[in-house]
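Here is a short report on one protein chain. Look at the structure first, then read on.

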Amino acid sequence: MRLTDNQLIALFTDLLGVDNVVLFDRLIPNLHDRIVSSLTPDSLSPACVLYPQTIAELSKAIALASEHRLRVLPCGNATKLDWGGLVSRADVVISTSKLNRVIEHCVGDLTVTVEAGVKYQDLQTVLAKAGQFLAIDPPYRANATIGGILATASAGSLRHRYNSVRDMCLGIEFVRADGEVVKAGGRVVKNVAGYDLMKLLTGSYGTLGIASRITFRLYPLPEYTQIVVITGTAEAIAQAQQKIGTSVLTPTACDLLSATMIADLGLGQGIGLVLQFASLKASVIEQCDRIAVLAKELNLEVQMLGTAEEFWELLEILIWQEELRNSDQSEDDASMVCKLGVLPSASVSLLQECEQIFDEQSHYLQIHAGSGLGVLRLEDVQDLGAIANQISKVRSIAESHSGFLTILEAPHELKFKANVWGYTGNASAVMDKIRQQFDARGLLSPDRMFSYSALRSVPNQ
């Protein structure tokens, strides 16, 4: 027999204390709405949000939920809780935001071990004191937790030089759906202990377990950083991209930006290629000079920007618009964000085709030139039928170039009806078997990967 909300709340209050159990109706509006938008329209609201303060409490809370067959929606600070597929039911939400300790920073080994609720920005501040940093640049960096970054595999432009989140992860501790604590990997860079569960948990969107403690490799902070922007025609930018990709230049970031983004950033006209160099000052200056020569040969405009940090903050505001997302936005402010990928050689072509598809529709497109992964943002999403048709066209183009398109953020109605993940391969059965091994009863983020859409689907990472 299903527990009533009052019984459920009483159980978890006895376990965690009254201060760590917040009734759903008493949540701050933004968190309340974020949870609602992550659930299917026919799902009942969860009774409460739980905030365990230790890993032992997290384990006991999940074990108690498992005992009573309660569906659990895991989150950190909920910055990306509504990404991807919708959850069919959540009796309780469990947040790791109070698991926020830096466990161990081994400066000499260039590693750090943290609890899942540590904020990305807070961690970088701690590491910077030792002249080191975590080479990941996710969206919503001010509030995103390390656990949420791992669960959604959300990396950014630094992936060009340092690879993905899963490549940064050396070890992980997570809590299974039955409350058992599992460890994999270790705390050193050269480690071969156990199964490589770090890669499996990365990008699992809270469906296989809840990360509690994670170890990452680190890098020294560079001596000097410089941003170079070259703009011009698509043909010339494509040539520049190819020449840079086959050269000895070593940018830490290399991003293609749509003409609308370049214009709104006040960087000129045409498609843009943004490069970041970060190393010894003499090396950075030399490489920037080579880019300037290359740009001149291809009749491209070149600009050296002052502060790299300021540029990336402006770019994040344009793509992710965190302030608007964290406000009580109206229906008129509806927007949509998609993750996509194509072969790097097709990146410029996709930028051009998106300009034609969206025409007068306000949009921004950023593609990492080295990996072909990118982010597409659409503004003023009103006509959902027309938007769905446009997204279908972009997805078809991406798939024709061995790529994909996944819907991250979108109006609730559109996400409920759409094929969110856009996966058409043959790995769904394998993914389902893996999920059953970790969570046989489907208690963690139920149906998030295998959504309500007609096509059973899993995400491309």
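## Aromatic pairs

Tyr140 and Trp320 are both buried. The model is predicted. How many aromatic pairs does a search of the whole structure find? The search finds 7.

A pair of aromatic rings is described by the distance of the centres and the angle of the planes. Two of the pairs are set out here.

| Ring pair | Distance of centres | Angle of planes | Kind of pair |
|---|---|---|---|
| Tyr140 and Trp320 | 5.5 Å | 65° | edge-to-face |
| Phe174 and Phe438 | 6.2 Å | 35° | tilted |

Take Tyr140 and Trp320. Planes over 60 degrees apart count as edge-to-face. The planes of Tyr140 and Trp320 stand at 65°, so this pair is edge-to-face. Tyr140 sits in the loop between strand 7 (132–133) and helix 5 (146–152), while Trp320 belongs to helix 12 (residues 308–320). The pair therefore ties together parts that are 180 residues apart in sequence. Ring pairs also bring in Trp83, which forms a cluster with Tyr140 and Trp320.

Now take Phe174 and Phe438. Their planes are at 35°, so the pair is tilted. Phe174 lies in strand 8 (residues 169–175) and Phe438 in helix 17 (residues 428–438). This pair links distant parts of the chain, 264 residues apart. Phe174 is buried, and Phe438 is buried too.

Is Thr207 buried or exposed? Thr207 has a relative accessible area of 6%. Buried means under 20%, so Thr207 is buried. Its place is the loop between helix 8 (197–201) and strand 10 (210–217). A polar atom of the Thr207 side chain lies 2.7 Å from the backbone oxygen of Ser204. Leaving out residues up to four places away in sequence, Thr207 touches Arg435, Asp439, Leu444, Ser445, Arg448 and Met449.

Strands of a sheet pair through backbone hydrogen bonds, either parallel or antiparallel.

Strand 16 (residues 336–341) and strand 18 (residues 373–378) run antiparallel and are joined by 6 bridges. Met336 has Leu378 in strand 18 as its bridge partner.

Definitions and conventions
Residues numbered from 1 in each chain as written. Predicted model: local features only at pLDDT ≥ 70, side-chain atom pairs only at ≥ 80, totals over all residues. Heavy atoms only, no water. Phe/Tyr/Trp six-rings, centres within 6.5 Å; stacked < 30°, edge-to-face > 60°. Helix = DSSP H or I, 4+ residues; strand = E, 2+ residues; numbered from the N terminus. Buried < 20%, exposed > 50% of the residue type's maximum accessible area, 1.4 Å probe, protein only. Polar contact = N/O pair within 3.5 Å; in protein donor to acceptor, adjacent residues only side chain to side chain. Contact = heavy atoms within 4.5 Å. Pairing = 2+ DSSP bridges.
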